[in-house]
Amino acid sequence: MFIPKTSFEVLEDTKPNDVSLPAFMVSTTRGFLPRMDPVATLPREFSAVENLLQDMPVRTLSGRPGLLATGDLGDEVQNLPDLTEEIEKYSDNLPMMNALYRDYSFLASAYLLEPCHMRFMKGEPYGLARSFLPAQLSRPIARCAELTGFKPFMEYAGSYALFNYRLQDADRGLDYDNLRLIRAFEHGLDPTSSEAGFVLVHVDMVKNSGPIIAGTMAALSALGDQNVTDPLMQRKTFNDGLSTVLGAMQKVNRVMETMWGKSKPRSYTSFRTFIFGITSQSMFPDGVVYEGINDGKPMSFRGESGANDSMIPLMDNLLQIQMPSTPLTEILQDFREYRPSNHRQFLVEVKQCSDDLDVRAFALVTEPQYAAKTDEQKELLIESRRLWIQLLDQVRDFRWRHWCFAREYILKQTSHPTATGGSPIVTWLPNQLQAVMEEMVEIYGSVGGQSGPMDLGAECRDIMDLVTRQRDTLRKEVDKYCQERGVNVRA
């Protein structure tokens with residue numbers, strides 16, 4: 001199926017055995033997960049890489065201390081051969097290229113940040129990371145990144161999270177208890193560890209993204225179909241699409257809440273060191289030189305971050321949520337480059353389609369041509385508005401919980417001022433959260449949702465009461481942390 005008035009195809013059949021296609025292609029079934037379960041084992045030509053990755057974690061699969069426990073990874077990397085030429089043998093197998101990209105990104109991040117981890121474990125500041133990536137890592141990761149469309153540094157979807165799980169039992173599928181990490185930095189090969197929980201909860205959330213995409217396509221198609229002649233049927237189809245998205249987002253948020261029990265706040269900072277990026281981090285004041293790449297000039301990339309996931313950006317684009325024009329929003333836009341290329345294009349096309357069709361105006365009936373003429377049309381119109389508020393509320397709920405995670409997992413555990421992706425930890429998430437809540441208040445008031453003939457009902461009133469309380473709480477919390485940390489509230 002195609003996004004209306006575009007040539008962008010959303011897959012229904014993910015063609016899991018077709019290795020000529022990129023690992024990540026948006027579908028109505030697997031959503032933003034890869035088309036197939038990730039490749040877990042490298043070909044024999046890369047046995048040296050495989051062995052090094054198995055020996056790398058602080059605690060290996062056997063339970064013994066690994067190279068990152070003793071600080072010996074850097075020395076072992078010097079013995080690793082440059083296998084760039086071997087990559088070409090598999091260049092037509094894009095899922096295998098994605099696996100190689102994942103594995104070299106793990107080695108690159110571990111190598112660069114190993115000194116910071118060793119200092120952190122002694123209770124010292126991070127200090128400086130390594131600023132030179134040797135050719136046996138720089139050349140292969142650059143080539144894999146070129147072939148797969150990623151940056152030559154660890155990314156959320158392509159390496160750390162969404163292409164980093166395997167199934168313990170193929171017959172049980174994506175049940176959470178059946179998921180295991182392929183690669184880890186600290187204790188993540190133990191499925192009960194906080195590192196495993198942190199990554200696998202993200203996988204568990206994204207496995208619900210198929211219906212989000214299916215519902216989005218249904219809603220857009222209802223407006224984009226030039227052959228529709230029945231306004232009543234058009235609105236019913238549109239509402240059904242929004243309802244599908246809502247149900248899936250509710251599941252995503254329920255799974256997100258399980259993070260508290262599966263990844264403990266006090267455990268996060270010990271493996272977090274390895275998922276920092278280069279951009280805006282004190283550990284990399286002058287960037288990183290990739291040997292043999294970019295004419296020896298330093299390069300800088302943002303780090304792995306759940307903010308690179310595509311579900312909430314899809315909601316922002318479908319619902320046409322307006323973000324403030326601030327430097328913090330510019331960071332949000334920069335994050336768009338750190339996603340699979342197919343995801344990036346999908347989000348661009350959805351935004352353009354939503355704008356062209358003016359989805360918001362249709363849903364909220366802010367234009368005369370959409371006005372209700374019968375009682376049945378009026379009820380469907382009210383349902384559209386109700387669903388719109390409920391969807392915005394799911395975005396608010398997601399971003400509020402993300403802020404709570406940042407507060408409990410980071411702000412209360414460390415004084416380091418930036419998140420792994422390089423955004424300012426105190427002010428960046430509230431920038432987007434505040435925008436969503438302001439949008440909800442504006443819409444609810446403009447459509448007369450609280451009372452009268454277009455009353456949206458008790459559930460929406462409860463939602464808006466919560467929004468009012470959370471806006472006040474958020475301002476107080478941000479002001480508190482800004483004051484404690486000497487941060488400009490607008491920074």
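Tutor: First, the ground rules. This is a predicted model, in which local features need pLDDT of at least 70, side-chain atom pairs count only at pLDDT 80 or more, and totals for chains, interfaces and linings use all residues. Residues are numbered from 1 along each chain as its sequence is written, and side-chain values use heavy atoms, with hydrogens and water left out.

Student: What span does helix α6 reach from its first C-alpha to its last?

Tutor: Helices are DSSP runs of H or I with at least four residues, strands are runs of E with at least two, and both are numbered from the N terminus. The expected span is 1.5 Å times one less than the number of residues. Helix α6 covers residues 135-148, 14 residues in all, and reaches 19 Å, close to the expected 20 Å. Just after α6, Gly149 has a positive phi of about 85°.

Student: Why is α6 called largely enclosed?

Tutor: Buried means under 20% relative accessible area, exposed over 50%, partly exposed in between (1.4 Å probe, protein chains only). Ten of the 14 residues of α6 are buried, so the rest of the structure largely encloses this helix. Among them are Leu137, Pro140, Ile141 and Cys144. The cover includes α3 (73-77), α4 (84-87), α5 (94-121), β1 (132-133) and β4 (289-290).

Student: Which residues does Ser105 touch?

Tutor: Contact means heavy atoms within 4.5 Å. Ser105 sits in helix α5. It touches Ile141, Phe153, Met154 and Ser159, leaving aside residues up to four places away in sequence. Ser105 counts as buried because its relative accessibility is 0%. Its side chain also reaches the backbone oxygen of Arg102 at 2.7 Å.

Student: How do I describe two packed helices?

Tutor: Use the angle between their axes and the distance between the axes. Axes are lines fitted to C-alpha atoms, for helices over the stretch in contact, and angles run from 0 to 180 degrees between N-to-C directions. Helix α17 (residues 375-411) and helix α19 (residues 458-485) pack at about 30°, with axes 11 Å apart.

Student: What does that angle make them?

Tutor: Under 35 degrees counts as roughly parallel, over 145 as roughly antiparallel, 65 to 115 as roughly perpendicular, and the rest as oblique. α17 and α19 are therefore roughly parallel. The contact includes Trp400 and Trp403 of α17 and Leu466 and Tyr481 of α19.

Student: At what angle do α10 and α17 cross?

Tutor: Roughly 20°, with the axes of α10 (residues 231-257) and α17 coming within 9 Å. That makes α10 roughly parallel to α17.

Note on methods. A polar contact is a pair of N or O atoms within 3.5 Å; within protein, one must be able to donate a hydrogen and the other to accept it, and residues adjacent in sequence count only if both atoms are side-chain atoms.
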